[in-house]
Amino acid sequence: EAQKPRGGERPVKRVLILAGQSNAGGHTFLSFLPDAAGKISPSRVSEMALGYNNIRIMYSVNPYSTAPHRSEDFVPVKLGQGRSDQCLGPEAGLAEYLNKTYPGEEFYIIKCASGGTRLQSSWNPENSGQSKNLYDEMLSFTSTALNKLTSDGSTAEIVAFLWMQGESDTNKDLTYYSPDF
């Protein structure tokens, strides 16, 4: 369930925070798997569909949309945890990698993502407290998830923060765009 404690220490649960825009949310439809080029084999798809019991996720995708997709507790990472249950996000490949690289070890992913959002407004800490601020949502959701992980007396250690950019910030007409940047 966690890293082995030393002596009388409490177990440490390793946490990865996955946040970002549409690419973090997961927009790849499950119907695209396996692909025609054979890069994702049917056996690999089956493994991802069954899930990884040692890699668990609690997710909130598009929290302010009319159709948010979220879990209320940690569940095994598997296909269908993207923007809908018909999509996959980067957590599927991440879980596959962690499972193969660290067999038998446990990891916890906290995912907060929303497509069609901008860093300057939606994710800006300076806009904290404003309606529908995803920075605030990420902090709140992460806090809730960490509390769930530590409710058994264990501790949680954030070992990675992964940001996945979307395309909403690629518009050159934005006031903060600088060609010299």
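How much accessible surface does the protein chain have, and what share of that surface belongs to carbon and sulfur atoms? In this predicted model, the accessible surface of the chain comes to about 10000 Å², and 51% of it belongs to carbon and sulfur atoms.

The chain contains four helices and eight strands, which follow one another from the N terminus in the order β-α-β-α-β-β-β-β-α-β-α-β.

Helix α4 covers residues 134–150, and its 17 residues should span 24 Å at 1.5 Å a residue, which agrees with the 24 Å between its end C-alpha atoms. Its buried residues are L134, E137, M138, F141, T142, A145 and L149; seen down the helix axis, these residues fall within an arc of 125°, so they line one face of α4. An α-helix has 3.6 residues a turn, so residues three or four places apart point the same way. The buried residues of α4 pack against the strands β1, β3, β4, β7 and β8.

Q81 sits in the loop between β5 and β6, and it counts as buried because its relative accessibility is 3%, which is under 20%. Among the residues that Q81 touches are G25, I57, Y59, H69, E91 and K111.

| Side chain | Backbone nitrogen | Distance |
|---|---|---|
| Q81, polar atom | K78 | 2.9 Å |
| N133, oxygen, at the start of α4 | Y135 | within 2.9 Å |

Definitions and conventions. Residues are numbered from 1 along each chain as its sequence is written. This is a predicted model: local features need pLDDT of at least 70, side-chain atom pairs count only at pLDDT 80 or more; totals for chains, interfaces and linings use all residues. Side-chain values use heavy atoms; hydrogens and water are left out. Helices (H or I, at least four residues) and strands (E, at least two) are DSSP runs, numbered from the N terminus. Accessible areas come from the Shrake-Rupley method with a 1.4 Å probe; for residues, only the protein chains shown count as cover. Buried means under 20% relative accessible area, exposed over 50%, partly exposed in between (1.4 Å probe, protein chains only). A polar contact is a pair of N or O atoms within 3.5 Å; within protein, one must be able to donate a hydrogen and the other to accept it, and residues adjacent in sequence count only if both atoms are side-chain atoms. Contact means heavy atoms within 4.5 Å. The expected span of a helix is 1.5 Å times one less than its number of residues. The arc is that of the directions from the helix axis to the C-beta atoms.
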